[in-house]
Amino acid sequence: MTQVVVPNYAIKPRSKLLWAIPAGLLLIAIAYFAVPRLLGRGGTEIAALPTYTVKPMNMDIRVIKDGELQAVNNIDIQCAVEGLSTIQELVKEGSSVKKGDVLAVIDSSSLKLKIEDTSLEVEKSTAELTTAREMRDIQLSQNSANIEAADVALQLARLDLQQYVEGSYPQQLKSAKTDVEMGDTTLKNKLEELDQTKRLFGKGFVNSADVKKSELEVIIARNALDKAQTALAVLSKYTHEMDQASKKNALAQAEQKLVRTKRENASNLAQKEADVKAKDQALTLLKRRFDRYQDQLVACVIKAPAEGLVVYASSGDRNAEKPIQEGGTVRERQLLFRLPDTTSMKAVVRVQEAQIGRVTEGMRAIVRLPLGLPPAQSTITKISVLADNAQRWWNPDLKEYPVELALDSTPSGLKPGMNALTEIFIDQLRDVIAVPLTTVYAAGADTFVFEQVGEHVHPIKVKLGQNTDTHVQVTEGVSTGQPLLVLQSGQGRELLEKAGIKPTPVRADSPDAKGKRKDRKDAAGEAKRTAPAT
């Protein structure tokens with residue numbers, strides 16, 4: 001990995017700088033025209049240039065990034081009014097509010113009309129529910145009366161049949177048989193009286209009129225016997241069967257009527273119950289709608305749930321459709337305000353993909369605050385698992401991960417959105433071989449430094465470790481005391497070509513090549529950021 005960083009030279013005073021510019025131009029001209037000569041395969045002759053003597057040093061590995069301050073705890077306030085609404089009143093952004101203070105007032109004229117209409121509907125539905133319940137109670141009473149009447153009719157039919165079978169018919173049968181027996185006895189008596197009358201007529205005790213009278217009585221007695229016998233036969237063969245069938249049919253009809261009455265009662269009651277349930281549900285829905293409208297009316301007055309600083313949600317949001325302002329339109333669930341708790345702040349920075357693997361939660365950092373406040377100690381509390389793609393339209397290859405650092409203590413006067421420079425401490429290396437970044441040249445898959453011995457320069461392939469914004473650790477290739485050439489622009493490639501060294505090529509699609517390209521981009525960005533002003 002190669003990092004290219006412009007040395008952080010101190011800025012000279014203006015008078016000295018004016019004298020230093022011609023001298024610098026003269027040195028550049030001498031270096032440019034002093035063309036080195038090949039002195040063999042091992043080295044290149046070169047005029048005296050600045051060198052760096054390799055020596056052990058301590059390195060504080062840090063990631064320095066610009067960020068912004070945010071509150072650790074924010075209260076987001078959304079619009080709870082359904083549909084689209086208009087803001088009538090609005091608190092000024094940046095105001096400090098207390099719990100219960102009015103932040104905004106939403107137009108509620110349409111809601112008030114809905115509440116009035118719904119109130120009338122609730123009253124009407126309440127009356128309909130009362131009527132439905134009364135009709136259900138009437139139906140219950142009617143069902144009870146119908147069941148009682150059908151049950152009584154069944155009992156009467158059952159008793160009527162039992163009375164006929166056990167009482168009326170035996171009595172009628174016995175009476176008919178008695179009539180037959182009485183007719184038979186009467187006929188016999190009349191026949192005996194006729195015989196006596198005829199004997200007496202033969203003796204002259206009675207006249208012919210008496211005989212005729214006796215004969216007439218015999219005929220009457222015989223007719224009465226025939227009538228009694230016929231009545232007995234009709235009663236036994238026909239009347240009894242008809243009456244019994246009629247009684248049984250009446251009993252069956254009474255039983256069926258009882259069953260039918262029960263079903264009709266159940267059906268009628270079910271209809272009344274369904275009507276009551278429907279009216280009750282309709283009333284419940286209306287009341288729920290009325291309560292929702294009441295809640296919506298209350299939600300039209302947005303109050304602060306806690307003490308804090310008022311920040312409009314549209315402030316600093318590039319994706320905001322419309323700014324939060326009086327007369328503006330807002331929709332349901334739209335974020336309107338954010339109340340940050342400024343007593344506990346954090347710094348949010350975006351670390352590049354090449355460096356995010358070196359950052360872990362719990363690392364300590366220094367946050368340099370604005371307003372002339374002293375730096376604050378902080379701790380990394382959260383590292384985003386996904387890259388922030390807010391800049392993907394400007395630079396698709398840029399991958400940055402948001403990192404949050406909680407301040408140990410928050411000075412007063414800080415506000416969200418203020419700039420903050422963070423220094424995240426990655427590692428501390430002690431007594432390691434390190435060289436300035438300006439002595440290192442990357443070519444292909446290899447990295448070189450150039451040792452200067454006298455007037456000769458020898459390329460040395462090295463392996464690098466961690467780096468700071470000015471130095472990089474060398475793990476293999478150099479040792480203490482070696483003088484390394486401080487490279488000028490384009491000098492590394494020229495020295496390799498004159499030494500006849502061809503770097504190992506790297507495949508364009510290999511992970512190493514991608515990593516090197518990304519490291520170069522990151523280093524270039526770091527160099528621009530740390531370059532001194534001229």
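Which helix does Thr261 lie in? Select Thr261 to start: the residue lies in helix α3, which covers residues 208-299. Keep in mind throughout that this is a predicted model.

**Thr261**

Colour by relative accessibility and Thr261 comes out as buried, because its value of 7% is under the 20% limit. Next, show the side chain of Thr261 together with the backbone of Lys257. The side chain reaches the backbone oxygen of Lys257 at 2.6 Å. Then look for partners beyond four places in sequence: Thr261 is in contact with Asn146, Ile147 and Ala150.

Move to Val152, which is placed in helix α2, residues 109-203. Val152 has a relative accessibility of 40%, so it counts as partly exposed, a class that runs between 20% and 50%.

**Tyr164 and Tyr169**

The last stop concerns aromatic rings, and the structure holds two aromatic pairs. One of them is formed by Tyr164 and Tyr169. A pair of rings is described by the distance of the centres and the angle of the planes. For Tyr164 and Tyr169 the centres are 6.0 Å apart and the planes make an angle of 40°, a tilted arrangement.

Are these two tyrosines buried or exposed? Tyr164 has a relative accessibility of 4% and therefore counts as buried. Tyr169 is buried as well, because its relative accessible area is 14%, under the 20% limit.

Technical notes:
Residues are numbered from 1 along each chain as its sequence is written. This is a predicted model: local features need pLDDT of at least 70, side-chain atom pairs count only at pLDDT 80 or more; totals for chains, interfaces and linings use all residues. Side-chain values use heavy atoms; hydrogens and water are left out. Helices (H or I, at least four residues) and strands (E, at least two) are DSSP runs, numbered from the N terminus. Buried means under 20% relative accessible area, exposed over 50%, partly exposed in between (1.4 Å probe, protein chains only). Rings of Phe, Tyr and Trp (its six-membered ring) pair if their centres lie within 6.5 Å; planes under 30 degrees apart count as stacked, over 60 as edge-to-face and the rest as tilted. A polar contact is a pair of N or O atoms within 3.5 Å; within protein, one must be able to donate a hydrogen and the other to accept it, and residues adjacent in sequence count only if both atoms are side-chain atoms. Contact means heavy atoms within 4.5 Å.
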